[in-house]
Structures are given as C-alpha cells and as structure tokens.
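This report describes a predicted model. It turns to a sheet with its packed helices and then to a group of aromatic rings.

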Amino acid sequence: MDDILHGGIELSYLIAASLFIVGLKQLSSPATARRGNLLATVGMVLAIAATLLYKSSLNYSLIFVGIAVGSAIGVVMARRVEMTDMPQMVGLLNGLGGGASTLIAMAEFWRILATHELPSAAGIITMILSVLIGGITLTGSLVAFAKLQGIMSGSAITFPLQRALGIGLLAIFVVSGGYLILNSGSQAAFLIMLAISLTLGVLFAIPIGGADMPVAVSLLNSFSGLAASAAGFVLMNNMLIIAGALVGASGIILTQIMCKGMNRSLTNVLFTAFNTTKKAATGGDGTEAEVGDRAVRSVDSDEASMMLGYAQSVVIVPGYGMAVAQAQHAVRELADQLERLGVDVKYAIHPVAGRMPGHMNVLLAEANVPYPQLHDMDDINPEFDHTDVALVIGANDVVNPSARHDTNSPIYGMPILEVDKAHHTIVVKRGMNAGFSGVENELFYKDKTVMLFGNARDVVTQLVSGLKQL
C-alpha cells in the first residue's frame, strides 16, 4: 500500500512539473497567457496536495489555517493592487519566496540541533546555499519594493568601499560555511551566515537606480526560484527542486532579454549605479514652450484629433504614463475610432516599457486590444519611415533618439522605438520632466514633434471625442 501511495505521489509530481512547463511556455504569448496561468495553478494545487500526502505525521489543522490565510491575502492583493503597482507586488512576492526558503533552512538547522543528527556534507552545503540565496532574495526584494513604492529614494545609493564591504562579507560567509560543514552544530556560524546573507541583499539592491529596477526585480525572481530549489534539496523534495529550477531558469532568461532590450550587460546594470541628475525643465500648455535655449511646440486635442483622423497610418506607443493614468481602455476606444475612419492602427511595444516585463502587453490585453495589432520593437521600427503619425502615450526613455548617437548619454546604445522617423510625432505627457532614467528626451524638441500636455486618460478621451466629430 505504501509503495502504491509513494508511486501515486511521484506521478502527481511528474504531472505537476509537466503542467508548470506547459504553463510557462503559454505565458510567453499574450494570446495563451491566461490559459498558461491556469495550467500552472492546477499544477501547483496538485503538487501541494501530493506533498501533504507525502508525510503522514503533519499538523494538518495548522497547515490548512496557513493555506487559508495566505490564500485570502493573495486574493485581496490580486483584486486591489493596480497594474501600475504590479512590479512592487512581484518584488514583494519574490522576497516572501526567498524568506520561506531561508526559514526552511533555519528549521532544518534547529531540527539537527534538537535531534543531534549528524548531517552529510552535501546536506549542510544545500542548507548554506538556501540561507545565502534566500536571505539575499528577501532583503534585496524588500529594498526593490521600497524603491518602486517610493518608500525610499529610487536613485542609486552608493558609499565609499561599498564593493569591498560586500566582497569582505561574502568571504566571511564562505569561511563560516566551511566551519559549519566541519562543525554542524555551530549556532554562531549559522547566525553569522544568516546575518551576512540579509546584509548582502541590501547591498545588492541599493546601488541599482530606479531605471534599472525592473531588471533587478526579474533577477530577484530568478533568485527566489534558486532559493526554492536549494530548499528542495534540503527537504529532499523533488517537486520543489523542479519548480524552483524552472522559476530560476525563466527568471535568468527574462533578465537577459531585458538587458538586451537596454543594450547593457547584467554586470553593467548591477555594478555601475546607473543614475543621472540631469533633469529637463518643466513645461506646460501653449503653442511654444521655451526650455533653455530650445523650444517645443504643443497642440490642443482638436488639432491632434485632426492629425490622427486624416492620417493613413498611426502607430501607438504606450508607456508608463498610460499605465499610471489607467488609460488603456480609452486608448482602445481611440484605436476603434481611428479604424472607423479607415486609419491603419498598430501598437509598438518596447521590451522594457513600463516597470516590468510585459507591462504594456498586459495592460492592452486587459482592454481587449487585438493581439495581431501588437508589434515588438524589431518588427515595427522599419515601418516608422512610412508611418504618418506616431502617437506616444506616456513613454519617454524608450523613444529617446539620443540613445542612437549621444555617446555621453547614460542610455547610449539602448535600442529604442524610432518614432522620430515617422512623418509626425505626437507626444502625450503631463509636462517636460525627464523619464525614469533622468535623461532629457531630445525627441520633444524635434521639428516633426508636437506635445499634447495633460493626463493621458483625459487627453485620449478628448481625442476620441474629437475623432467622433470627423
């Protein structure tokens, strides 16, 4: 009977792992993402159920209370957290995953102390790795959450000998880990490693500037998976090992994609403290606004409506400003009105637009924008030369032409959406402030660019009203 039960549990783990893999694959496309999420959820429920049957001596009452409380919190977060705050929530959940892995390692260590069991060197090493990766993930993710939420400054925070301190702490961690392998009951060594891992997480996250924080969140997501996998080795649970490895691998791949989208290496993102104090002067409404020795030209919604309505092709470029204003539904209505007038409408999606990977895709999917209208950067850039109007809604750094030619710019070399090559460019923005990177956008001063100042949702709603009159 025990053999049958054990075989059934292992089979459940295999099915759950398969569902995770298929779910991850389907999450790569907006058209199948919802189904992929559902499949992965079913896999997780199956894995949890099999794990609860794996051990017979469990406090099920306490476990189900924890599941109920955690599920209730998750439902509330999912329903109440706005899409603009989703990166913060992802960062926070990454941290909780790392914290859980750290707690598993702590529990295993105290169990060894209580039972006077002599663990293997491999068992101690996996415990050490769980503490290191889990601790870094916990505090690093909390710092990322605080930066994105505005609790602490989003700028890079550095101080003298910062790297030397990190290297020194890591060396002490390794020495303490070696001592723990030889003396598995050393509480002092374990507590030193725990404190160092938590400190390293803070040191890892604080020098990363706000513009690079999405990359850091993606990397920390990978760390949370690796921490879970290490915890799986501690518990000798195959399902946890597999699930953690999948999360770790997918997070690393996503991080590489984002770095490629910024044309920067991961080491450059993590260790150069990318930030700049350059800020553009604030502008406002009016036909022309003087900014330094340059002028920008602004239009009202009626003029912009005519430019859009009489165009043959329009490419809409969404950015974080659209997300903040929750203007995605108004943008969809705008596209519908343009199509009614016979205008060809497409959406240009930059891989790092917004505050997390796929941010714009999710927002537009929420507004039921047809998937075939969404085009990535490589596909849409060659079409801007033949586009009548590029409508930029709240995007900034990802359309800044200085990335192509200004070798002194911090974003030099970053691939951009080349909206400045369109016949006309309309930029919807609240003012003339610089983007998340702090870099002034030369697009605003181009001869073919006009600014349409105001809240994105209000402005797009006015454009829709103007188009209805045409």
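Which strands does helix α11 lie across, and at about what angle does it run to β7? In this predicted model, helix α11 (residues 301-309) lies across β3, β6 (389-393), β7 (424-429) and β8, and its direction is at about 140° to β7. Helix α17 (residues 456-468) also packs on the sheet, where it touches β6, β7 and β8 and makes about 110° with the direction of β8.

The sheet itself is open and consists of 6 strands with parallel pairing, in the order β5-β4-β3-β6-β7-β8. Its edges are formed by β5 (374-376) and β8 (449-453), each of which pairs on one side only, and neighbouring strands are turned against each other by 25° on average, direction ignored. Within this arrangement, β3 (residues 313-318) and β4 (residues 344-349) pair in the parallel sense over 4 bridges, with S313 standing opposite D344 in β4.

The structure also holds 5 aromatic pairs, among them the two tabulated here.

| Pair | Centre to centre | Angle between planes | Kind |
|---|---|---|---|
| F109 and F190 | 4.2 Å | 0° | stacked |
| W110 and F190 | 6.2 Å | 65° | edge-to-face |

Because F109 lies in helix α4 (residues 86-115) and F190 in helix α7 (residues 187-205), their pair ties together parts that are 81 residues apart in sequence. The pair of W110 in helix α4 and F190 in helix α7 likewise links distant parts of the chain, 80 residues apart.

F109, W110 and F190 form one aromatic cluster, in which F109 and F190 are buried, F190 having a relative accessible area of 1%, whereas W110 counts as partly exposed at 35% relative accessibility.

Methods:
Residues are numbered from 1 along each chain as its sequence is written. This is a predicted model: local features need pLDDT of at least 70, side-chain atom pairs count only at pLDDT 80 or more; totals for chains, interfaces and linings use all residues. Side-chain values use heavy atoms; hydrogens and water are left out. Two strands pair if DSSP finds at least two bridges between them. Helices (H or I, at least four residues) and strands (E, at least two) are DSSP runs, numbered from the N terminus. Axes are lines fitted to C-alpha atoms, for helices over the stretch in contact, and angles run from 0 to 180 degrees between N-to-C directions. Contact means heavy atoms within 4.5 Å. Rings of Phe, Tyr and Trp (its six-membered ring) pair if their centres lie within 6.5 Å; planes under 30 degrees apart count as stacked, over 60 as edge-to-face and the rest as tilted. Buried means under 20% relative accessible area, exposed over 50%, partly exposed in between (1.4 Å probe, protein chains only).
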